[in-house]
Amino acid sequence: MSYLPAENRYDKMKYHRCGKSGLLLPAISLGLWHNFGEVDTMENCRALIRRAFDLGITHFDLANNYGPPPGSAELTFGRILKTDLAGYRDELIISSKAGYPMWNGPYGDWGSKKSLIASLDQSLKRIGIDYVDIFYSHRPDPDTPLEETMGALDLAVRQGKALYAGISNYAPEQAGGAAVILKQLGTPCLIHQPKYSMLNRWIEDGLLDVLEDEGIGCIPFTPLAQGLLTDRYMNGIPEDSRAAKSWGFLKRDTVTDKLVEKLRSLNMIAGKRGQTLAQMALAWILKDPRITSVLIGASRVEQIEQNVATLDYLEFSDDELARIDKILAQD
Ligand SMILES: NC(=O)c1ccc[n+]([C@@H]2O[C@H](COP(=O)([O-])OP(=O)(O)OC[C@H]3O[C@@H](n4cnc5c(N)ncnc54)[C@H](OP(=O)(O)O)[C@@H]3O)[C@@H](O)[C@H]2O)c1
């Protein structure tokens, strides 16, 4: 069936400036790490992308290796772009990344100029577009000079294959170094994509300060800890959940009794706020003005709807924050 985007798609979503750039990103963005591979059904993938766009989600995040198999999420997105969103490229922010294993031999991994530029060319072909909006170095490479990796991002922008440069999984000192080099090259670092959620607070310890000082935006990934910070695992591991899937990155043994106890305590606070745990977990991240967008994943349309409804209530009282901190600090 042909698709016409909702006319009111920009009515409810909030858009935040990404660092000191001119780019606005939706408070909630959608990532295609899981649920968009060859193993997933095209109809569900289409439904997820359509609903996200209808709700004002303009930013879709990819990487060369998303699938499984690697590359298939970009192929899926490319097909949907062609069938459903062809006339809307200028309303979309599409990102991709390179830096994790992608093809055999010495050039299919890490952060050399050879690897990054070749990977970006492959991603553009798979998605079927001339440029990505954001191209990331997916992780720092301990054996390649930072100047070379940042030089590759700068080259991608100068070649017109990417509009902006981003980094992901860089520690505070590495992010600071990358920012200086990119500034010197004339391609300022737009954004950092770090892991961050109630269950993993490492970016509070220096990274957010560096990003603020350098005028770089921040888009945390796995804000729901891959689904743990939701009602998904309160009563065991559902068969259709990520933890139950053989190819997912969330393993069954992560769901311990101790963790579930913690999640239940958080869920009680969320309930008193009139929110689901997922909504409270997203609002908790968005309370920091240095956060540009939260990068969620979803396996169902209703999850996207519920997560976007987070924006209806973002405030926290000091008492709520203190109670949440106390629960999170428990071993
Ligand atoms: N830069 C990097 O190194 C890196 C690494 C990882 C991820 N990422 C990016 O971050 C994106 C998001 O990662 P993620 O998918 O792990 O994010 P997430 O939002 O933490 O987890 C998504 C999963 O949570 C569950 N979920 C979401 N909303 C829910 C709701 N309202 N109620 C119940 N369950 C809900 C779903 O699990 P079920 O599938 O079980 O339903 C969904 O697949 C990725 O797609 C990717 O773009 C980047």
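Colleague: How do the residues of the shell around the ligand divide into nonpolar, polar and charged?
Modeller: There are 10 nonpolar, 17 polar and 4 charged residues in that shell. Here Ala, Val, Leu, Ile, Met, Phe, Trp, Tyr, Cys and Pro count as nonpolar, Asp, Glu, Lys and Arg as charged, and the others, Gly among them, as polar. Please note that this is a predicted model: local features need pLDDT of at least 70, side-chain atom pairs count only at pLDDT 80 or more, and totals for chains, interfaces and linings use all residues. Residues are numbered from 1 along each chain as its sequence is written.

Colleague: And which residues come nearest to the ligand?
Modeller: Of the 31 residues around the ligand, those are Gly-31, Trp-33, Phe-221, Gly-227 and Gly-297. A residue is near a molecule if its C-beta atom, placed from the backbone, lies within 6 Å of it. Strand E10 (294-296) and helix H9 (301-308) are the elements that give two or more residues to the shell. Helices (H or I, at least four residues) and strands (E, at least two) are DSSP runs, numbered from the N terminus.

Colleague: Which element gives the largest share?
Modeller: The largest share, 3 residues, comes from H9.

Colleague: Changing topic, in what order do the strands of the open sheet lie?
Modeller: The 8 strands follow the order E9-E8-E7-E6-E5-E4-E3-E10, and the pairing is parallel. Strands pair if DSSP finds at least two bridges between them. Strand E9 (217-218) and E10 are the edge strands, each pairing on one side only.

Colleague: How many bridges join E5 and E6?
Modeller: Strand E5 (residues 93-98) pairs with E6 over 4 bridges, in the parallel sense. Lys-97 stands opposite Tyr-136 in E6.

Colleague: Is E6 (residues 132-137) mostly buried or exposed?
Modeller: In E6, 6 of its 6 residues are buried. A residue is buried if 20 or more other C-beta atoms lie within 10 Å of its own, exposed if 12 or fewer, and partly exposed in between, with C-beta atoms placed from the backbone.

Colleague: Now helix H5, which of its residues are buried?
Modeller: Ala-175, Ala-178, Ala-179 and Leu-182 are buried in H5. Seen down the helix axis, the buried residues fall within an arc of 105 degrees (taken from the directions from the axis to the C-beta atoms), so they line one face of H5.

Colleague: Why would residues three or four places apart point the same way?
Modeller: An α-helix has 3.6 residues a turn, so residues at that spacing point the same way.

Colleague: What does the face of H5 turned away from its buried side carry?
Modeller: That face of H5 carries the exposed residues Glu-173 and Gln-184. Just after H5, Gly-186 takes a positive phi of about 90 degrees.
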